[in-house]
Amino acid sequence: YFNLTIKPGSKESASAFLGNTGQVDQTFHVFPINAFTAQNGGFANADYGTPANAVTSWLDFPDTTRALASGQGTQLDFTISVPDNTAAGQYITAVAA
């Protein structure tokens, strides 16, 4: 969960940590995905392969696969670039694994 305040025309760097807390080696597919408020509230995301909406396109986060041994983790760095003409407000997107 990230709660960033970014001014229009600005960029912010962020990091996520992906960890394998399971007992076996795992391969994770990690990707940016459109997110929205679900019917009756809560969080929902689009299906994989859905074209990026405006907000998701702000992420410089590659669609990637990471193999992690049990107990291993890795840091994933990315950038969020908010376009110049963006109105003040709250925007939501997601990264899924």
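Biologist: In which sense do strand 2 and strand 7 pair, and over how many bridges?
Modeller: Strands here are DSSP runs of E with at least two residues, numbered from the N terminus, and two of them pair if DSSP finds at least two bridges between them. Strand 2 (residues 26-37) and strand 7 are antiparallel and share 4 bridges, with Phe31 standing opposite Ala96 of strand 7. This is a predicted model, in which local features need pLDDT of at least 70 and side-chain atom pairs count only at pLDDT 80 or more, whereas totals for chains, interfaces and linings use all residues. Residues are numbered from 1 along each chain as its sequence is written, and side-chain values use heavy atoms, with hydrogens and water left out.

Biologist: What is the order of the strands in the open sheet?
Modeller: The open sheet has 3 strands in the order 1-6-4, with antiparallel pairing; strand 1 (11-19) and strand 4 (59-60) are its edge strands, each pairing on one side only. Strand 4 is joined to strand 6 (residues 73-81) by 2 bridges, and Leu59 has Ile80 of strand 6 as its bridge partner.

Biologist: Which residues have the most contacts inside the largest nonpolar core?
Modeller: In soluble globular proteins, nonpolar side chains tend to be buried together. A nonpolar core is a set of buried Ala, Val, Leu, Ile, Met, Phe, Trp, Tyr and Cys residues joined through side-chain atoms within 4.5 Å. The largest such core has 15 residues, and those with the most contacts inside it are Leu18, Val30, Phe61, Phe78 and Ile80; strand 1, strand 2 and strand 6 each supply at least two of its residues. A second, separate core of 6 residues includes Phe31, Ala35, Ala46 and Ala94.

Biologist: Why does Asn20 count as buried, and what lies around its side chain?
Modeller: Asn20, found in the loop between strand 1 and strand 2, counts as buried because its relative accessibility is 4%. A polar contact is a pair of N or O atoms within 3.5 Å; within protein, one must be able to donate a hydrogen and the other to accept it, and residues adjacent in sequence count only if both atoms are side-chain atoms. A polar atom of the Asn20 side chain lies 2.9 Å from the backbone oxygen of Val24, and a polar atom of that side chain lies 3.4 Å from the backbone oxygen of Ala69.

Biologist: Is Gln26 buried or partly exposed?
Modeller: Gln26, which lies in strand 2, counts as partly exposed because its relative accessibility is 34%. Contact means heavy atoms within 4.5 Å, and, leaving aside neighbours within four places in sequence, Gln26 is in contact with Asn20, Arg66, Ala67 and Leu68.

How values were computed. Buried < 20%, exposed > 50% of the residue type's maximum accessible area, 1.4 Å probe, protein only.
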